[in-house]
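Dear colleague,

Please find below the structure that I am handing over to you, together with its sequence. My notes on it follow directly after.

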Amino acid sequence: MSKIHVQATVNGDSVEFLADPRETLLDCLRDHLDLTGAKEGCGTGDCGACSVMLNGRLVSSCLVLGVEAEGAEISTIEGMADGNELHPLQRKFIEHAALQCGFCTPGFLVAAKALLEKNPDPSESEIRFWLAGNLCRCTGYDKIVRAVQDAAAEMRGAA
Amino acid sequence: MRYHAPATFDEAIAIAAGASGVTRYLAGGTDVLVQLRAGMVTPDDLIDLKKIPGTHDITRLPDGGWRIGIAVSGAELGAHAELVADWPGVVEGMELVGSTQVQGRATLTGNLCNGSPAADSVPGLVAAGATVTIQGPNGTRELPVEQVPVKPGKTALEPGEIITAITLPARGKSAGDAYLRFIPRTEMDIAVVGCAVSLVLDGDKVTAARISLGAVAPTVLLVQDCADAIIGTTLDDAALDKLAAAASAAAKPISDKRGPKEFRVDVAGVLARRAAKIAYERAKA
Amino acid sequence: MAKDEISGKEFKWIGTTPDRPDGLDKVTGRARYGADFNLPNMLYAAVVRSPHAHARIVKIDASKALALKGVKAVVTRADLPTGLTGEDLYLQENTLAGEKALYDGHAVAAVAATSQLLAHDAAQLIEVEYEVLPHVTDVDKAMAKDAPVILPGCADHSVPEGSAPNVARMIEFGRGDLAAGYAEADLVREGHYTTEATHQGYIEPHAAVGQMGSDGKGEMWVCTQGQWYIRKMCSAVLGTDPAQLRVTPSEIGGGFGGKTTIFMEPLPLALSKKAGGRPVKLVMSRAEVLRATGPTASASMDVKMGMKRDGTITGAEVNFRMQGGPFPGASPVGEALSCAFACYDIANLNHVGWEVLANRPKCAAYRAPGSPMAAYAVESLVDELCRELDLDPIEVRLKNGVKEGVRASYGPKFKKIGLAETLEAAKAHPNYAAPLGPNQGRGVASGFWFNHGGETSVSLAVSEDGTAQVSVGTPDIGGSRASIALMAAETLGIAYENVRVNIVETGALGVNEPTHGSRATFASGKAMWEAAQGAIKEMCKRAAQKWDIDPEAVTWKDGAAWPAGDNAGKFEPLSIKEIAGEMGKTGGPISGHHESTPSGAGPSFGTHVVDVEVDPETGRVTVLRYLVTQDAGRAIHPQYVEGQYQGGAAQGIGWALNEGYIYGEDGRLQNTVFLDYRVPVASDLPMIDTVIVEVPNPGHPFGVRGVGETGITPPLPAIANAIHAATGARLRALPMNPPAVLAAIKAKG
């Protein structure tokens with residue numbers, strides 16, 4: 001099984017790795033780049049725990065092959081905070097207790113950030129439908145939606 | 001598994017022609033990767049078409065129609081304001097495929113080639129009268145979308161053939177389309193029933209219509225009886241009743257884990273009625 | 001037991017909502033879950049699973065797999081010790097099938113190789129020859145006398161002679177005179193209800209890295225609700241010494257009861273032992289989780305109740321049949337019976353339960369095991385009686401509801417409990433008076449869970465600077481580090497930030513039961529309090545030593561030792577910081593520890609009110625409004641209490657509407673991915689309103705009651721009752737998905 005050399009940019013750093021063509025981008029992030037923040041909850045694109053940004057688009061990294069990442073710009077949960085400065089969404093998730101077990105949290109944060117970049121003032125319904133591909137089994141979503149609303153308000157300067 | 005990323009369709013076809021084992025094409029990958037992961041299909045050769053120039057383009061044609069590249073994702077489709085204005089039903093069908101994350105990858109062509117009778121983007125394309133351009137070892141041909149799937153998981157493509165683009169006809173004036181599907185949840189499910197309606201008005205009167213049903217037969221259906229039920233009417237209650245009855249009559253579903261037969265038959269009529277009303281409103285707008 | 005020691009006093013920390021201690025790790029992706037752990041020289045494992053619901057295993061040939069370069073070990077049942085009995089044997093059978101595969105997905109062999117892809121390739125090369133046997137997956141069909149026999153001789157002494165071969169256990173208890181009770185009633189009704197099996201649906205699949213040498217000494221890193229259970233059960237299955245296995249829990253990505261037992265965990269250890277002690281990692285796929293971990297039981301239930309015109313319930317009985325998979329002891333039928341009428345004070349009662357085996361995976365606990373099914377049946381029938389007699393459902397529950405001093409339907413007398421308070425809170429909430437539109441309806445139901453104490457060991461150590469470290473054995477699954485740190489801060493009189501709560505491995509404490517039974521904040525919190533008393537006593541002793549007074553004359557307040565009164569002498573208080581700073585010189589390190597199986601886990605009652613809208617043409621049910629009122633005893637960290645209420649409600653809503661195992665005629669599970677195992681997504685739910693009722697539990701120093709489980713119980717009947725109110729159709733089977741609701745509406749005419 002011959003591996004393919006892949007060069008990409010992850011969270012602003014240039015990286016390279018050898019990928020078996022059968023490995024997903026998620027496998028490569030976790031196993032070759034030691035970025036274990038993205039999680040595999042289903043492997044079928046149904047849970048969103050592996051959400052990352054690929055060339056500016058929100059994707060499930062379990063539905064992308066590692067070899068497809070050649071030349072790509074990828075951002076993951078590990079790149080969300082600016083050093084020790086948390087992104088407002090990260091702060092609001094803690095503040096609102098929007099996580100219980102925390103396993104789905106990285107995926108929710110990456111997906112919610114993508115939403116707020118596209119729509120700084122989403123309605124509750126827009127938040128819920130945007131995040132419908134991120135499963136949370138602990139919270140019933142209530143506190144997650146509130147955290148996103150509050151972060152959006154703060155980012156708009158309205159809080 | 002060998003991974004190929006050809007720079008042209010000719011090159012892709014040559015790779016496919018030279019391959020002896022299982023070959024799969026990769027566009028968005030949202031079906032191929034799931035099948036790969038589940039061990040359902042492990043291709044010997046995987047041919048990634050996304051690097052071919054033009055596959056990401058949405059182009060207005062001289063006649064007012066649209067040419068959509070095979071690697072255009074749902075998110076890109078939905079972001080194209082002019083296309084959405086012309087064919088909202090086609091776009092909303094595609095946008096119902098999977099999550100926001102899946103929308104970042106999944107494509108119309110992939111959804112079509114997966115060959116599922118429940119594919120959400122296909123009824124809209126069929127109702128719109130879309131065609132595909134197919135390139136293969138023996139040249140190029142055009143095929144109406146409804147002729148692409150032949151049975152679940154199987155398309156009319158010959159070995160070595162690739163769809164190179166989807167073409168939507170010019171929308172014209174006083175026309176509208178809509179797609180509705182029924183799923184048990186609000187998101188993230190496979191259609192239990194889908195229905196797309198495309199119609200053209202003259203004043204209040206429907207002068208032309210194409211109506212298609214998904215997930216109620218081995219392939220997406222184009223139902224002439226449904227169109228006949230509303231052509232020449234103002235979509236009054238009698239026409240809607242006739243439409244619903246025709247849709248239910250045309251539905252020949254199976255019972256499976258996603259829904260029983262009787263339910264699908266009933267809901268086909270309900271959705272036809274609701275989708276027709278939306279398409280009508282859009283045509284009037 | 002301990003009194004409500006500090007109630008009446010103003011709390012400084014309890015009831016506040018600081019950031020959880022593990023928050024930063026969990027929002028940055030740093031928190032390390034089961035699959036995030038790796039070791040040098042590690043191998044990867046894959047499992048071969050039965051595609052048949054019931055089949056004799058004729059032959060397993062692993063030679064082709066072993067011939068692959070990089071494949072290091074294959075294990076089958078032949079590699080495990082023989083002679084196990086009872087639950088140990090069932091755990092071993094479930095880990096690897098012996099003579100027969102007993103359900104679709106039952107593990108048959110496992111392989112370890114140098115990469116994950118290679119392990120999967122090797123697994124596909126392991127050839128298993130099966131002789132397919134007739135199977136049964138339906139609970140009622142499994143009760144038939146001519147059903148395929150799953151485990152010959154499974155019946156225990158409770159099962160009457162001549163029962164069907166898959167009946168493993170029969171339970172019966174009651175009180176009073178049922179016939180007399182029904183004779184008193186103005187209305188007697190009965191109903192038959194069924195519920196389908198559901199899965200906990202935690203988002204993190206099971207994952208473990210195990211290492212074991214030929215000497216039987218081993219280590220394991222694993223996502224689990226209970227590291228000591230992993231240790232005990234793996235050791236039993238492998239025939240090794242539990243003290244030689246050190247188990248470290250990872251962060252846990254949800255469990256809800258499903259991670260209180262073992263499924264694949266012995267396999268990496270067995271493979272490691274065979275592969276020269278190299279560590280082995282095994283991570284389940286989602287399909288493996290759904291097919292071969294521990295969903296809850298499916299149930300077939302009959303209920304009969306009598307009610308007077310004024311709403312008094314005069315008699316009631318249930319007959320429950322539950323399948324818990326292919327082994328005895330796994331179904332929650334006993335708990336279901338005990339929960340059935342736990343909300344009601346009824347003089348005349350009878351309960352009958354049957355546990356039956358079926359070709360399905362071995363059930364595990366799922367949030368208040370047994371209670372949701374029982375509530376679905378009983379609370380639906382109560383609603384039917386209320387409607388027929390035109391009575392308000394909350395008033396009827398208040399009239400018949402249990403309170404302090406009442407003998408529970410399952411035996412003991414209730415101490416202080418808060419059912420009535422939850423009903424009053426629901427009645428007073430604006431949701432209960434919100435106007436309803438066409439096709440909308442409101443449903444009410446109450447629910448109950450016992451709560452649990454369980455074996456608990458905790459230690460608390462004072463650091464040199466007067467901060468404190470608490471070591472607990474209950475994995476933090478939803479914020480228990482925060483609640484325990486708050487209670488420790490309150491107890492010691494120091495800042496919340498100055499407490500660190502560590503979830504420790506099996507080598508660091510005595511035995512602990514898992515985080516189950518809603519016990520983490522209750523039991524580890526109570527044991528922490530006891531441990532802190534030990535440390536405080538020692539600190540008072542050090543102060544007494546310094547002041548040269550009797551230790552009994554020193555008291556602890558606001559983080560410092562004080563002379564108990566004027567008679568004790570006049571001394572400036574000595575702070576924990578001062579005492580700790582010189583503890584090395586004054587007698588050595590200061591810590592406290594506590595080990596016990598605490599009693600007094602007061603039950604938690606809850607009442608839910610739900611409004612739904614039903615699409616009469618498609619049967620789709622939309623949840624418009626949802627209210628949870630539940631007794632927390634004392635809410636230590638109210639946000640995480642609300643979170644438990646909301647999460648329980650969401651899981652219950654999923655169970656009610658769209659979740660459920662779907663087996664084909666072939667006995668294979670058809671919905672093995674989240675696409676078809678339909679847990680609620682964000683757009684399916686409204687905000688979930690909560691009211692935290694606080695009726696302090698006399699069995700806990702701060703009044704805590706477990707809050708984790710009760711919340712999943714009322715949604716099932718509350719939604720059924722709301723659908724009935726909206727449509728006039730009564731759904732007596734779960735899930736109440738659109739086809740079922742539409743069919744019920746049509747059947748009503």
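How many helices and strands does chain B have? In this predicted model, chain B contains 11 helices and 14 strands.

I shall begin with chain B as a whole. A compact globule of 285 residues would have a radius of gyration near 19 Å, and chain B, at 19 Å, agrees with this. Along the principal axes, the C-alpha atoms of chain B fill a box of roughly 55 × 45 × 35 Å. Of the 285 residues in this chain, 58% count as buried. Turning to contacts within chain B, and taking those with a separation of 6 or more, 64% are made by residues 24 or more positions apart.

Chain A is described by its domains. The domain assignment divides this chain into domain 1, covering 4-79, and domain 2, covering 88-155. The C-alpha centres of these two domains of chain A are 21 Å apart. Their contact draws on 13 residues from domain 1 of chain A and 11 residues from domain 2 of chain A. On the domain 1 side, the largest share, three residues, is provided by strand β3 of chain A (residues 51-54). By class, that side of domain 1 consists of eight nonpolar residues, four polar and one charged.

Chain A also meets chain C. Here, 44 residues of chain A are in contact with 42 residues of chain C. Four helices of chain A, namely α2 (88-95), α3 (105-118), α4 (124-130) and α5 (142-155), each contribute at least two residues to the side of chain A that touches chain C. Which helix gives the largest share of that side? The largest share comes from α2(A), with four residues. As to residue class, the side of chain A that touches chain C has 22 nonpolar residues, together with 11 polar and 11 charged.

Finally, one helix of chain C may be of interest when you view the model. Is helix α8 of chain C mostly covered or mostly uncovered? This helix, residues 266-274, is mostly covered, with eight of its nine residues buried. The buried residues of α8(C) are Pro266(C), Leu267(C), Pro268(C), Leu269(C), Ala270(C), Leu271(C), Ser272(C) and Lys273(C). After α8(C) comes Gly276(C), which has a positive phi, near 70°.

With kind regards

Notes
Residues numbered from 1 in each chain as written. Chains lettered and ligands numbered in written order. Predicted model: local features only at pLDDT ≥ 70, side-chain atom pairs only at ≥ 80, totals over all residues. Buried ≥ 20, exposed ≤ 12 C-beta atoms within 10 Å, placed from the backbone. Contact = placed C-beta atoms within 7 Å. Nonpolar A, V, L, I, M, F, W, Y, C, P; charged D, E, K, R; others polar. Domains from an automatic or database assignment. Rg over C-alpha atoms; globule rule 2.2 N^0.38 Å.
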